[in-house]
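Please read it with the model open beside you.

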Amino acid sequence: MKLFLPGGAGLVGLNLIHLLITDHPKWEIIVVDKKKESIEIAKNLFLSSNIIFICEDLNNTKTTKWPLLIQDCDACVMLQAEIGNKNNKEFWINNVQSTESVLNELKKNNIKRLVHISSSVVNSVSKDLYTITKRKQEELVIREWNDPVILRPTLMFGWFDRKHLGWLAKFMQRFFIFPIPGSGKFIRQPLYVRDFCKVIISCLLDFKLVGKYEITGLEKISYISLMKLLRKTINAKALMIIIPIPIFGFLLQLWAFITFKPVFTKSQLKALTAGDEFQNIDWPTIFKVKNTKLKKAFE
């Protein structure tokens, strides 16, 4: 199989590649990502001759190589997404416009299989730009493609995590105090990225799998309990302190003002504390994947 991974140098892409070169070493993989740092990391991690890494903008189809290289691909796993950015335009460019561009090229090249990585936020009460543009992205896929697989994962963690729990773990190790917004009792449903990548591979192997699937972490846990588990797992000593949400939000705004690209923004704080709880389906049975227990996955 020859596989196209737009946005494939992020958390999910790197874990997916790792599984594929282990379980399907003969598969060819084309990774296109416009983030140079991420592409360099991917190149250093994976030296297989069956993988091509390209640092190009998916919105550019005129002066780039990627539209030519995907001509004989069998499937696409659409991974590109803008999660947090101070520039609001980037959400539309990277979540919506890039999707239009990729879908056009997939249709031109008669690529048969599309696995779209959506997000649980399409069912969220939040109204931030990430949520709005992910909904628009999914609508585009449904409108423009016959029988896609649409996977809606919750917050993921695992190897190569530099933005989510991985970033929080480093924070805990470097500082003596770890702030918790509000009571910290809002529910999280974290998803181990390795399990999610096995779900993706099942979709690539079984073309009968079509439709929308909620891929939710099966263990519900409060945010503060999740942070305590993380602290214990990495043997950090940081003291957790409760900070009222308005003050926490102000501090994030201040941080965003002095930081070029903050890891965590005020809009993400609103999403974190919105109180969303997402539907569980029996995805381990549907996709023939064994769920990894949260504590084991953290270890």
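Which residues line the second largest cavity? Point 2 gives the list.

1. Basis. This is a predicted model, in which local features need pLDDT of at least 70 and side-chain atom pairs count only at pLDDT 80 or more, while totals for chains, interfaces and linings use all residues. Residues are numbered from 1 along each chain as its sequence is written, and side-chain values use heavy atoms, with hydrogens and water left out.

2. The second largest cavity. Its lining consists of Asn15, Gly158, Trp159, Tyr192, Val193 and Arg194. A cavity is a set of points, on a 1 Å grid over the protein atoms alone, where a 1.4 Å probe fits but cannot get out, and lining residues have an atom within 4 Å of a point. The volume is about 30 Å³, a volume being the space filled by probe spheres set on the points, with grid points joined across faces, edges and corners. By class, three lining residues are nonpolar, two polar and one charged. Here Ala, Val, Leu, Ile, Met, Phe, Trp, Tyr, Cys and Pro count as nonpolar, Asp, Glu, Lys and Arg as charged, and the others, Gly among them, as polar.

3. The largest cavity. The model has two cavities of 30 Å³ or more, and the largest has a volume of about 80 Å³. Of the 13 residues that line the largest cavity, Pro190, Tyr192, Leu218, Asn291 and Thr292 lie nearest its centre. Seven of the lining residues are nonpolar, three polar and three charged.

4. H1 and H7. Asn15, from the lining in point 2, is also one of the H1 residues that meet H7. Helix H1 covers residues 11-23 and helix H7 residues 193-205; helices are DSSP runs (H or I, at least four residues) numbered from the N terminus. The two pack at an angle of about 65°, with axes 9 Å apart. Axes are lines fitted to C-alpha atoms, for helices over the stretch in contact, and angles run from 0 to 180 degrees between N-to-C directions. H1 and H7 are therefore roughly perpendicular (65 to 115 degrees). Contact means heavy atoms within 4.5 Å, and on the H7 side it includes Val193 and Arg194. This contact has ten nonpolar, two polar and two charged residues.

5. H6 and H8. Helix H6 (residues 165-174) packs against helix H8 (residues 223-234) at about 65°, with axes 10 Å apart. Leu165, Leu168, Ala169, Met172 and Gln173 are the H6 residues that meet H8. Nine residues of the contact between H6 and H8 are nonpolar, one is polar and one is charged.

6. The second largest pocket. A pocket is an open set with protein on both sides within 12 Å along at least five of seven lines. The second largest pocket holds about 260 Å³ of space. Its lining has 14 residues, with Phe157, Gly158, Trp159, Ala297 and Phe298 nearest the centre. H6, H8 and helix H12 (294-298) are the elements that give two or more residues to this lining.

7. H4 and H5. Helix H4 (residues 89-108) and helix H5 (residues 129-144) pack at about 15°, with axes 8 Å apart. H4 and H5 are therefore roughly parallel (under 35 degrees). Phe91 and Trp92 are among the H4 residues in this contact, and Leu129 and Tyr130 among those of H5. The contact of H4 with H5 divides into nine nonpolar, four polar and five charged residues.

How values were computed. Parallel < 35°, antiparallel > 145°, perpendicular 65-115°, else oblique.
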